Amino acid sequence: MLSPSTQTHALPANPILVFDIETVADTEAARRVYPKLAHLNDADTLSALTAIRVQEAGHDFMRLPLQRIVCISALYLKDGRFSLFSLSADKFSEQDILAKFFRAFDDAQNLPQLISWNGSGFDIPVLIYRAMQYDLAAPWLFEEGARIKSMRYDNYVNRFQTRHLDLMDRFSQYGASRREAMDVVASLYGLPGKTDVDGSMVGALVARAQWQTLSTYCESDVMNTWLIYLRWLRLNGQLTSAGFMDWQQQSYDYLARLTQPDGSLRHQTFIDEWTQTL
């Protein structure tokens, strides 16, 4: 086993999948859950559903089963190669978005380290609720040792294991202290955090069919999460200072090469904000 002074620049897992989802209220499902809304159109259903939710909970954040997935963005890193991508509802149905994301868990011998910010509290439960509406299965994502004994102690399901590392949950000591928003933590470290878009704007972006803006926003959350994860690896000694700086630079270089079809940088705003402290 390498001592801390002789560790390399290598990451502790291969492959790695950092992900984030964006959702809107599912008005069709709401009419099934609340039969009194059955006669309303989508716009009126949304207004009524919002009023119901405020009355129920004191806020308008929808119940997780009524969150329809409109985008999943992910950073996939394998053998030192980055791939940042989005699966969005302008190109795919919700069922197809989920099916394509679940493909990352098809091979039991090549399962990724899963990284999220509040994935245990939001993203994974939403994935579960939504996927069970369709003819979908992701056995290895929910394996707890019945078929592979080692996964009894190394699985995505157990909160206190790390195959799925929810950084927000971990940083709060599993709720012993206040859970902080990713934007706050990213900004603390000089990362871009939220730039021109935040989660409250997702519904409007979908209504206006601004899919490029939505996917870029979701990808920026993924990149913030990834860069926070690198700091976590440095703190717990799994990366040296040199290794941390090397991966941070590689991440920047990757974004600086990632372009839109028109040749413009896909994450120009992210890069501009990040380079102020890089």
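Here are legends for a few views of this structure, starting with the whole chain and moving in.

**View 1. The whole chain at a glance.** You're looking at a predicted model, where local features need pLDDT of at least 70 and side-chain atom pairs count only at pLDDT 80 or more, while totals for chains, interfaces and linings use all residues. Residues are numbered from 1 along each chain as its sequence is written, and side-chain values use heavy atoms, with hydrogens and water left out. The chain has 10 helices and five strands (DSSP runs numbered from the N terminus: H or I of at least four residues for helices, E of at least two for strands). Its radius of gyration, taken over C-alpha atoms, is 20 Å, close to the 19 Å from the globule rule for 278 residues, so the chain is as compact as a globular protein of that length. That rule is 2.2 Å times the number of residues to the power 0.38. Along its principal axes, the C-alpha trace spans about 65 × 50 × 40 Å.

View 2. Buried residues make up 45% of the 278 in the chain; buried means under 20% relative accessible area with a 1.4 Å probe, counting protein chains only. Now for contacts, meaning heavy atoms within 4.5 Å. Among those with a separation of 6 or more, 66% join residues 24 or more positions apart.

**View 3. Zooming in on isoleucine 124.** This residue sits in helix α4 (residues 119-131). Is isoleucine 124 buried or exposed? With 17% relative accessibility, isoleucine 124 counts as buried. Setting aside neighbours within four places in sequence, its contacts are Phe19, Leu114, Gly119 and His164. Serine 215 is 91 residues away from isoleucine 124 in sequence, and 19 Å away in space, C-alpha to C-alpha.

**View 4. Inside the largest nonpolar core.** A nonpolar core is a set of buried Ala, Val, Leu, Ile, Met, Phe, Trp, Tyr and Cys residues joined through side-chain atoms within 4.5 Å. The largest one has 35 residues, and Leu11, Trp226, Tyr229 and Leu255 touch the most other members. Several elements each supply at least two residues of this core, including β1 (16-25), β2 (67-78) and α9 (241-255). Which helix gives the largest share of this core? That's α8, with nine residues.

**View 5. Tryptophan 226 and its partners.** Leaving out residues up to four places away in sequence, tryptophan 226 touches Leu11, Ile16, Val18, Leu75, Leu77, Phe82, Trp247 and Ser251.

Terms used
Buried means under 20% relative accessible area, exposed over 50%, partly exposed in between (1.4 Å probe, protein chains only).
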